[in-house]
Amino acid sequence: QVQLVESGGGTVQAGGSLRLSCAASIRTATTIAMGWFRQPPGKEREFVAAISSMAYSTYYADSVKGRFTISRDNAANAAYLQMNSLKPEDTAVYYCAAHKTGAQAMGRTTPAGNGVDYWGKGTLVTVSS
């Protein structure tokens with residue numbers, strides 16, 4: 001069982017930046033992809049970004065490309081989401097996830113996140129206008 005704990009959420013003004021962190025309970029240098037999903041208030045969960053186990057590949061939702069960067073540090077058993085140029089529409093609960101099938105598969109789940117193996121409890125990001 002993999003336990004994931006997110007941190008770094010908070011309130012920021014539009015145009016600002018935040019960095020989310022995800023600490024994993026096991027060595028993440030195994031064959032497991034990691035990623036981020038989010039659920040805006042009153043809306044369905046959506047895919048944000050994913051990264052392969054050795055960080056060779058990354059995948060992003062169109063809505064965050066060029067603004068968000070996903071990374072991981074397997075030595076630290078952690079993944080990160082650097083969010084720049086934040087917009088009010090980025091307001092959501094952000095969830096860290098891990099998936100044995102891979103990063104590309106994580107981004108293709110329908111509905112978003114369906115079948116993903118492990119989840120954190122989420123961290124709230126609020127972007128004020």
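Q: Is arginine 67 buried or exposed?
A: A quick note first: this is a predicted model, where local features need pLDDT of at least 70, side-chain atom pairs count only at pLDDT 80 or more, and totals for chains, interfaces and linings use all residues. Residues are numbered from 1 along each chain as its sequence is written, and side-chain values use heavy atoms, with hydrogens and water left out. Buried means under 20% relative accessible area, exposed over 50%, and partly exposed in between (1.4 Å probe, protein chains only). Arginine 67 comes out at 11% relative accessibility, so the label is buried.

Q: Which residue does arginine 67 form a salt bridge with?
A: A salt bridge here is a side-chain nitrogen of Lys or Arg within 4 Å of a carboxyl oxygen of Asp or Glu. For arginine 67, the closest N and O atoms of the pair are 2.7 Å apart, and the partner is aspartate 90.

Q: How many residues apart are arginine 67 and aspartate 90?
A: Strands are DSSP runs (E, at least two residues; helices are H or I, at least four), numbered from the N terminus. Arginine 67 sits in the loop between β6 (58–60) and β7 (68–73), while aspartate 90 is in the loop between β8 (78–83) and β9 (92–99). The pair links distant parts of the chain, 23 residues apart.

Q: Which residues do salt bridges with shared partners join into one network?
A: Aspartate 90 is buried, at 1% relative accessibility. Another salt bridge is that of arginine 38 with glutamate 46, with the closest N and O atoms 2.5 Å apart. Arginine 38 is buried at 3% relative accessible area, whereas glutamate 46 is partly exposed at 27%. Salt bridges that share partners make one network of Arg38, Glu46, Arg67 and Asp90.

Q: Are lysine 65 and aspartate 62 buried or exposed?
A: These two side chains also meet in a salt bridge, at 3.2 Å from N to O. The structure holds four salt bridges. As for lysine 65 and aspartate 62, both are exposed.

Q: In what order do the four strands of the open sheet run?
A: Two strands pair if DSSP finds at least two bridges between them. The edge strands are β1 (4–7) and β7, each pairing on one side only. The pairing is antiparallel, and the order is β1-β3-β8-β7.

Q: Over how many bridges do β3 and β8 pair?
A: Strand β3 covers residues 18–24. Within this pairing, alanine 23 stands opposite alanine 78 in β8. The two strands pair in the antiparallel sense, and the count of bridges is six.

Q: Which residue in β3 stands opposite leucine 4?
A: β1 and β3 run antiparallel and are joined by four bridges. On β1, Leu4 and Glu6 make up the covered face, and Val5 and Ser7 the uncovered one. The residue opposite leucine 4 is alanine 24.

Q: Which residues is alanine 24 in contact with, leaving aside its neighbours within four places in sequence?
A: Contact means heavy atoms within 4.5 Å. Alanine 24 counts as buried, at 13% relative accessibility. Its C-alpha atom is separated by 25 Å from that of lysine 65, 41 residues apart along the chain. The contacts of alanine 24 are Gln3, Leu4, Met34 and Asn77.

Q: Which cysteine does a disulfide join to cysteine 22?
A: A disulfide is a pair of cysteine sulfur atoms within 2.5 Å, and a search of the whole structure finds one. Cysteine 22 is in strand β3 and its partner is in strand β9, 74 residues apart. The S to S distance is 2.0 Å, and the partner is cysteine 96.

Q: Which residues does serine 128 touch, not counting those up to four places away in sequence?
A: Serine 128 lies in strand β11 (residues 123–128) and is partly exposed, with a relative accessible area of 27%. The C-alpha atoms of serine 128 and glutamine 13 are separated by 4.8 Å, although the two are 115 residues apart along the chain. Serine 128 touches Val12, Gln13 and Ala14.
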